[in-house]
Amino acid sequence: MSALGKVVRAGVGRRRLQSAVMILTALMAVTASVLAAGLLVAARAPFDHAFARQRGAHLTVQFDGAKVTGRQVGATAHVSGVSAAAGPFRALSLRPRTASGSDALPAGVDLPPLTVVGRADAGGRVDGVRLVAGAWATRPGQIVVAYGGMPVQPGARLTFPSAPGAPTLTVVGVARSVTGTADAWVTPAQAGALSARGGPVSYEMLYRFRHAGTDAQVAADRDAIAAAVPKGALSGSRSYLAVRQQETANTMAFVPFLAAFGVLGLLLSVLVIGIVVSGAVGAATRRIGILKSLGFSPSQVVRAYVGQALIPAGVGCALGLVLGNLLAVPVLGEVGTAFGGPGASVPVWIDVVVPGAALVLVAGAALVPALRAGRLRTVEAITVGRTPGTGRGRLARRLAGRLPVPRAVGLGLAYPFARPARSATTAAAVAFGAATVTFGVGLALTLGAVQSGRMLDSAGSVMVAAGGGQAPPGAQAVHAGGGPDAPTADPAEVAAALRAQHGTSRFYGIAQAQVSASGITGATTVVAYQGDTAWAAPQMVSGRWLDGPGQAVVTTRFLKAAGIRVGDTVTLTERGRRASVRIVGEAFFTAGEGMELLTRTSTLAALGLDATPGQYGVRTKPGTDLGRYLTSLNAALQPVGAVAQANTARGSDVIVTMDALVGTLTLMLVAVAGLGVLNTVVLDTRDRVHDLGVLKALGMAPRQTVAMVVTSVAGIGLLAGAVAVPAGVALHRFVTPLMGRAVGMTLPASDIAVYRTPALAALACGGLVIAVLGALLPAVWAARTDTATALRTE
Amino acid sequence: MPATAPVIDIRDVTRTYGEGPPALADVTLSVRAGEAVAVLGPSGSGKSTLLNLIAGLDRPSAGSVTVAGLRVDGMSEARSAEFRRTKIGMVFQFFNLLDDLTVTDNVLLPAQLAGLPRAEARRRAAGLLEHLRIDRHADAYPGRLSGGERQRVAVARALMNRPALLLADEPTGALDTASGDDVRELLAELNADGQTILLVTHDLRLAESCATRTVELVDGRVVRDTERTTAVT
């Protein structure tokens, strides 16, 4: 091994604590950065590959056949900006019933409504539909179903009772459209045959555009198409960006906060490594002098000190790389095979670029103090001891000596002024740690708020099931026997029992059905409310809650998917009947993937559907014993045919995973910040070891020594904490809306404004806690330092 | 402490470090109140080890060390610190003043660490500085003072808590002739006023001028213990 190599190895081995700090800081920074960058790139890759391979449609548009002709729709292929188009295809909303049985689905089961499109072939210039099983429909009597929809296989038979002649079609294939342009495909002739005479006719048109990289570009293209047809003819549209967002939502939600942790980690790494190498140079001035007197060149000294930082940082980067890739596996798992491609994983170039960038930053951080070491004059270095020059901070010491505090505390309070640069770096490390805690706590509070508010009907403590086929909100309703089962309990009797029950505060009824909604492919679950629901409304993002018939509330994701905004109208279709609802509010909930439409029961009645509530949400009066209430209520409901149970919602696995990651990364960053403080206090204690010996010789007790050392960083900690809390809050306010946007949702303001005054006060003390914890160990070491040895140290 | 009890009572003390020969071997020494004892000996004879054992900065491998009626050899760190605060004062070869503190603040330190009331501590410090004739430097920093003046400040600091014993480790070792004479005179005056002193030195002139007794160490053993009738001032 060369002389330089030996010096580097000896330096790394001698400063084990500092090496451990550098390993940990690099590990944390690279883990978070690999995860963030990896998820950002890898989560979208399967969709992007499939979209390119299948020439996916940038925009899928539905036209109202009552307002526009097929010829007019076809002419939109020539609208400016359109690079390719397919269609028009006749599109129908039909509710099938199984005519043949299988293990998964018996015969005679009514299925949710399907968007059935008449399409001659699977290929074409836009939306190359990929067959997963069987063959394409080539003649009447055949149907191809979308992959991942109905649990049916080729050979199964489906009857369409609402179509003329209630035809039965045979499933001949299962196919995948990358943007889900239909739930099923038939030949154009079959589509015509399935259309009810005089019933509503819809057309579907698929477009690719010259510029479709952003929502704004796609919206502009959509407006151009809408302008090319009679007003109101464009009844709905769906952008591929909305589909991609929906398909990658859970994974992409991780990216904003992981990126924030990654940036914080990298900055903290630069800071801590700068502190460590600077401290190493300061503590080894004499050693540097000896090396130079032995013939080491300035550049060799520089390389020696940069190397001492790069070796532990390299180890940390390698460990972070492994950890980041391992953590990415479960997060990326769900997007892996969704598009028929290979499983998603962190791309190799991320594994190369992120650690490489981290090492460059480390080298840069180490270079500044290493250059200082290289420039040291040999004679000065070899003669100057470790004891720092004095002079700075004298005024602070005089003033601190007059404070009405124990002398040890006064001495500690004045220490930071003697080495302002080191104090500033300590403050920065503490501030990073405190800001991270503030950010992490805020994220946890926001995720908690999202967890508790994401489900519909979570406001009440009791749910009453009135029987029948009503599934809970978000579930796919499947009614056996040819028609929806009516709730068995009489609503009036259930309501009377609830009103009579001691402890009942308020209640409302819920009915639901699946219908077709304009602009949305496939069935839309309509959750319809009856009675007093203002208290049970989900968290509103904009607009207002329902206060009359003909109104609806949906999520941001629904609005984006349908290409509409609050104030617009959505047309609901069921077995040829139509009902229009006006969107009066935008809410936040993730039930039914956030694609449910909330309205009053009168909307279901207008569609000819049974609007009898199948469930009731109940709020009990404050102080009510829930167990007793349920026992008593169930006794009253039993004769009516309803059952009450506690309203418990299952936690989201994604949020649990996020919480775990936030907690882990916060702890890692705080540990690094604390170790940064520890490192500077160790350096400081070493520099002052002689003074320490003097003080101990004069009778400074161990607890006084600990108090002095801890106090030397306590003031810095308090100050840094006070500065860091607003920074952490600002970071939280910046990142959380991005997390919402990543999943196609707008988070309610109340879920973002989660910091309360007591929490902020406690967080402001976080800096003090980090500083004290970081200083405690060196303070104990200082207290245990042998006085006689310390007195001999110069 | 009984009136007749020695201020320092060292019995059969041995101190070894590792596998080497003992730094002190079977040393027994007693110092009475009012004595000024100079411990002499060449480098490596065990003088500093003896001083450290008396100051509670080190522990003997065998034997006992009693100072001002307190067993020092078995004390905890906290008790040892309290002992140093209340029973002894220390003066060092290189003064060991804290350069960032003024003369007054340096002198105040032991009293402040002992929790003496602020006004009393200030009054006592002012008296000491005046008595040692360095009161004009009260607000100066040690770096501005001569070696002799610094050592006077160190002595003032050592006497701040009115210790039973003043320990001095080569107090003239870093001083020029004039400053050395100044310190010799000061220590002799203090002893004349009744202050018990144990000093470790190479400086025979110091021993002659202010010690009432000399103890000579060679290779960790007491080879000579000589009573002097009076110190030469």
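**Chain A, overview.** I began with chain A, where I counted 26 helices and 23 strands. Helices (H or I, at least four residues) and strands (E, at least two) are DSSP runs, numbered from the N terminus. The model is predicted, so I kept local features to pLDDT of at least 70 and side-chain atom pairs to pLDDT 80 or more, while totals for chains, interfaces and linings use all residues. Residues are numbered from 1 along each chain as its sequence is written, and chains are lettered from A and ligands numbered from 1 in the order in which they are written.

I looked up burial next. Of the 794 residues of chain A, 54% count as buried. Buried means 20 or more other C-beta atoms within 10 Å of the residue's own; exposed means 12 or fewer, and partly exposed lies in between, with C-beta atoms placed from the backbone. I also checked contacts with a separation of 6 or more in chain A: 85% of them join residues 24 or more positions apart. A contact needs C-beta atoms, placed from the backbone, within 7 Å.

**Ile288(A).** I found Ile288(A) in helix H9 (residues 285-293) of chain A. Ile288(A) is buried because 23 other C-beta atoms lie within 10 Å. Its C-alpha atom is 9.4 Å from that of Arg377(A), 89 residues apart along the chain.

**Helix pair in chain A.** I took helix H22 (residues 702-742) and helix H25 (residues 766-784) of chain A. Their axes come within 7 Å and cross at roughly 160°. Axes are lines fitted to C-alpha atoms, for helices over the stretch in contact, and angles run from 0 to 180 degrees between N-to-C directions. H22(A) and H25(A) are therefore roughly antiparallel (over 145 degrees). Ala, Val, Leu, Ile, Met, Phe, Trp, Tyr, Cys and Pro count as nonpolar, Asp, Glu, Lys and Arg as charged, and the others, Gly among them, as polar.

**Interface.** I turned to the contact between the chains. Chain B gives 23 residues and chain A gives 22 residues. On the side of chain B, helix H2 (77-86) and helix H3 (103-114) are the elements that give two or more residues. That side has eleven nonpolar, four polar and eight charged residues.

**Sheet in chain B.** I traced an open sheet of six strands in the order S6-S7-S8-S3-S9-S10, with mixed pairing. Two strands pair if DSSP finds at least two bridges between them. Strand S6 (88-91) and strand S10 (221-227) of chain B each have a single partner strand, so one side of each lacks a neighbour in the sheet. Neighbouring strands are turned by 15° against each other on average, direction ignored. Strand S9 (residues 213-218) of chain B pairs with S10(B) in the antiparallel sense over six bridges.

Helix H6 (residues 177-192) of chain B lies across strand S3 (36-40), S7 and strand S8 (196-200), running at about 150° to S8(B).

**Helix H1 of chain B.** I checked residues 47-54. Eight of the eight residues of H1(B) are buried, so this helix is largely enclosed by the rest of the structure. Among them are Lys47(B) and Asn52(B). Gly56(B) follows H1(B) with a positive phi, near 75°.

Methods. Contact = placed C-beta atoms within 7 Å. Parallel < 35°, antiparallel > 145°, perpendicular 65-115°, else oblique.
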